[in-house]
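Here is a short briefing on one protein model. Keep the structure open while reading. The points are grouped by topic.

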Amino acid sequence: MIKETVFKSFDTPADLEAKLADKIAQQLQDAVDTRGKASLVVSGGSTPLKLFKLLSQKLVDWSDVYITLADERWVNADEQDSNERLVREHLLQNRAASAKFRGLKNMFASPEAGCDMTSESLANFPRPFDVVVLGMGTDGHTCSWFPCSAELDNALTTKDLCAAVNPTTAPHARITLSKDAILNSRQIYLHLVGEPKLTVYHQALENDDVTQMPIRAVLAQRKTPVDVFYSA
Ligand SMILES: O=C(O)[C@H](O)[C@@H](O)[C@H](O)[C@H](O)COP(=O)(O)O
């Protein structure tokens with residue numbers, strides 16, 4: 001059994017988003033005030049869109065904030081399934097338009113070929129990352145650590161910043177930050193909306209077999225604080 005750390009339950013997704021946006025904005029500004037710059041890693045998917053909008057309106061010294069993604073589908077940034085597109089359209093707006101964003105996709109033909117260049121492009125990011133916001137799929141994946149993929153072990157064990165992943169249960173080849181990179185953070189938030197995800201989260205707490213549910217790699221460690229923000 002994995003011991004739960006911080007679990008915060010909200011009546012509505014809007015309540016959750018308001019609180020989480022406040023916390024993230026405060027932590028980013030504290031980082032800028034303390035160290036001169038801050039870093040934020042966000043996830044794609046459908047859950048964080050309203051959070052992105054709220055965050056984009058916050059008073060933060062955004063020009064000192066470096067933003068990247070936890071994972072990306074290997075598609076061009078103008079395509080429907082691109083996480084970069086989501087970030088550009090929903091987060092890098094309003095006050096946050098001046099943030100320094102680096103996407104994970106580059107011009108190489110595959111994530112395997114492009115991985116090293118992506119890692120190099122993130123070399124000037126403040127690390128440990130100040131804030132990481134993760135989502136979770138109902139198969140227990142987070143980032144692009146898919147239980148179905150042959151590359152899962154590499155993504156969870158490499159010391160490299162990035163790893164290539166080819167999921168068999170989800171579209172597109174992917175590039176993902178590694179477990180080592182994600183856990184080298186000051187604060188991780190796990191953003192969960194909907195009862196099916198609460199059920200999966202409780203299943204994830206049952207044991208620490210990361211090959212079945214890779215989200216356990218985040219939940220079972222004690223190096224980096226993980227706060228779960230949940231709303232039905
Ligand atoms: O690119 C992605 O798909 C992600 O970054 C992924 O890890 C996501 O966070 C979960 O799959 C949850 O996705 P939803 O928010 O769409 O449920």
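The largest nonpolar core of this predicted model has 67 residues, of which Leu134 and Leu190 touch the most other members. Helix α1 (residues 13-35) gives the most to this core, with six residues. In soluble globular proteins, nonpolar side chains tend to be buried together.

**Core and annotated span**

- UniProt, in an unreviewed entry, lists residues 12-221 as "domain: Glucosamine/galactosamine-6-phosphate isomerase".
- That span is 36% helix and 16% strand. Its end C-alpha atoms lie 28 Å apart.

**Pro48**

- Pro48 sits in the loop that runs between β2 (38-42) and α2 (49-56).
- Pro48 counts as buried because it has 25 C-beta neighbours inside 10 Å, and 20 or more is the cut-off.
- Setting aside neighbours within four places in sequence, Pro48 contacts Val42, Ser43, Val133, Gly135 and His191.
- Pro48 and Cys115 are 67 residues apart along the chain. Their C-alpha atoms are separated by 25 Å.

**Helix α4**

- Helix α4 covers residues 111-121. Its buried residues are Pro111, Gly114, Cys115 and Thr118.
- Seen down the axis of α4, these buried residues fall within an arc of 130°, so they line one face of the helix.
- On the other side of α4, Met117 and Glu120 are exposed.
- The cover over the buried residues of α4 includes β7 (162-165) and β8 (174-177).

**Helix α7**

- Helix α7 covers residues 195-204, and its buried residues are Lys197, Tyr201 and Ala204.
- Viewed down the axis of α7, they fall within an arc of 55°, so they line one face of the helix.
- Glu195, Pro196, Thr199 and His202 are exposed on the face of α7 turned away from its buried side.
- The buried residues of α7 pack against β9 (188-193) and α8 (216-219).

- Thr176 is found in strand β8, part of the cover over the buried residues of α4.
- Thr176 is buried because 28 other C-beta atoms lie within 10 Å.
- Leaving aside neighbours within four places in sequence, the contacts of Thr176 include Ala70, Asp71, Cys143, Ser144 and Trp145. Ala155, Cys162, Ala163 and Val165 are also in contact with Thr176.
- Thr176 and Glu72 are 104 residues apart in sequence. In space they are 6.3 Å apart, C-alpha to C-alpha.
- Lys100 is found in strand β5. With 16 C-beta neighbours inside 10 Å, Lys100 counts as partly exposed.
- Lys100 contacts Val65, Tyr66 and Ile67, leaving aside neighbours within four places in sequence.
- The C-alpha atoms of Lys100 and Tyr66 are separated by 4.7 Å. These two residues are 34 residues apart along the chain.

**Backbone points to check in loops**

- Which residues does a cis peptide bond join? The bond joins Arg127 and Pro128, and omega is about 0°.
- Pro128 lies in the loop between α4 and β6 (131-134).
- Asn94 is not a glycine, yet its phi is positive, at about 50°. Asn94 sits in the loop between α3 (83-91) and β5 (100-101).
- Asn94 counts as partly exposed, with 14 C-beta neighbours inside 10 Å.
- His172 also has a positive phi, of about 80°, although it is not a glycine. Its place is in the loop between β7 and β8.
- His172 counts as partly exposed, with 16 C-beta neighbours inside 10 Å.

Technical notes
Residues numbered from 1 in each chain as written. Predicted model: local features only at pLDDT ≥ 70, side-chain atom pairs only at ≥ 80, totals over all residues. Buried ≥ 20, exposed ≤ 12 C-beta atoms within 10 Å, placed from the backbone. Helix = DSSP H or I, 4+ residues; strand = E, 2+ residues; numbered from the N terminus. Arc of directions from axis to C-beta. Contact = placed C-beta atoms within 7 Å. Core = buried A, V, L, I, M, F, W, Y, C linked by C-beta atoms within 7 Å. UniProt positions renumbered as here; feature names shortened; annotations may be inferred.
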